Amino acid sequence: MTYHELVKKVQLALAKADASKIEEHIAVQVNVTGEAEGAFYMEVANGSLYVCPFDYNDRDALLTISDADILAIAEGKLTMMKAYEEGKVQVDLPHERSLEKLLMLGEAIPAKKAAVKKAAAKKEEEPAEEKAVEAAPAEEKPAKKAAAPKKAKAEAVEKKPAVKKAAPKKATKKADK
């Protein structure tokens with residue numbers, strides 16, 4: 001893919017971007033590495049997102065990224081935040097509010113549901129595992145210490161439905177054989 005083909009694909013992919021909620025001016029230059037090496041900029045002005053094949057000297061941020069990764073971001077297959085977290089993009093922030101503006105631009109780029117779900121799933125997995133580890137000892141301790149029959153009966157009632165559900169499946173498999 002050539003530089004001009006890349007810029008055209010990014011322009012087409014970002015035509016669906018919704019920057020209408022962004023009230024301030026944002027300009028980000030993208031230095032592309034790889035086969036389609038070159039520079040272009042993304043600009044939010046008057047609630048619209050523009051992609052132009054030029055340098056932008058008075059920019060809010062400078063991104064250095066591969067042609068494949070910037071295209072993936074534009075197409076919504078990769079979020080700007082995930083690219084940053086994975087080290088796929090180098091970011092130069094020359095101004096005090098540059099990061100804030102870059103994040104606003106990232107939110108305006110539409111991400112496909114699969115990319116958002118993957119990012120959200122990874123964030124949810126870590127806390128869920130920690131909660132499960134923390135919750136397991138808390139549940140085991142009362143069960144071991146509990147000598148009162150009421151708690152033991154309640155636990156037995158909770159366990160019985162799971163056993164009953166599994167038992168008929170095994171019985172039908174044996175009956176089928």
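Predicted model: local features only at pLDDT ≥ 70, side-chain atom pairs only at ≥ 80, totals over all residues.
Two packed helices are described by the angle between their axes and the distance between the axes. Here the helices are H1, which spans residues 3-13, and H2, which spans residues 67-74, and they pack at an angle of about 20° with their axes 9 Å apart. Because angles under 35 degrees count as roughly parallel, that value makes H1 roughly parallel to H2. The crossing of H1 and H2 is left-handed.

Turning to the side of each helix that takes part, H1 contributes Leu6, Lys9, Val10 and Ala13, and these meet Asp67, Ile70, Leu71 and Ala74 in H2. By residue class, the contact of H1 with H2 comprises six nonpolar residues and two charged ones, with no polar residue among them.

The partners are Tyr41 and Tyr56, whose ring centres lie 4.8 Å apart and whose planes stand at 65°; since planes over 60 degrees apart count as edge-to-face, the pair is edge-to-face. Where do Tyr41 and Tyr56 lie? Tyr41 belongs to strand S2 (residues 38-45), whereas Tyr56 sits in the loop between strand S3 (48-52) and strand S4 (61-66), so the pair ties together parts that are 15 residues apart in sequence.

Are these two tyrosines buried or exposed? With buried meaning under 20% relative accessible area, Tyr41 is buried because its value is 12%, and Tyr56 is likewise buried because its value is 17%.

Methods: Residues numbered from 1 in each chain as written. Heavy atoms only, no water. Axes fitted to C-alpha atoms, helices over the stretch in contact; angles between N-to-C directions. Helix = DSSP H or I, 4+ residues; strand = E, 2+ residues; numbered from the N terminus. Parallel < 35°, antiparallel > 145°, perpendicular 65-115°, else oblique. Left-handed = near helix turned anticlockwise from the far one by under 90°. Contact = heavy atoms within 4.5 Å. Nonpolar A, V, L, I, M, F, W, Y, C, P; charged D, E, K, R; others polar. Phe/Tyr/Trp six-rings, centres within 6.5 Å; stacked < 30°, edge-to-face > 60°. Buried < 20%, exposed > 50% of the residue type's maximum accessible area, 1.4 Å probe, protein only.
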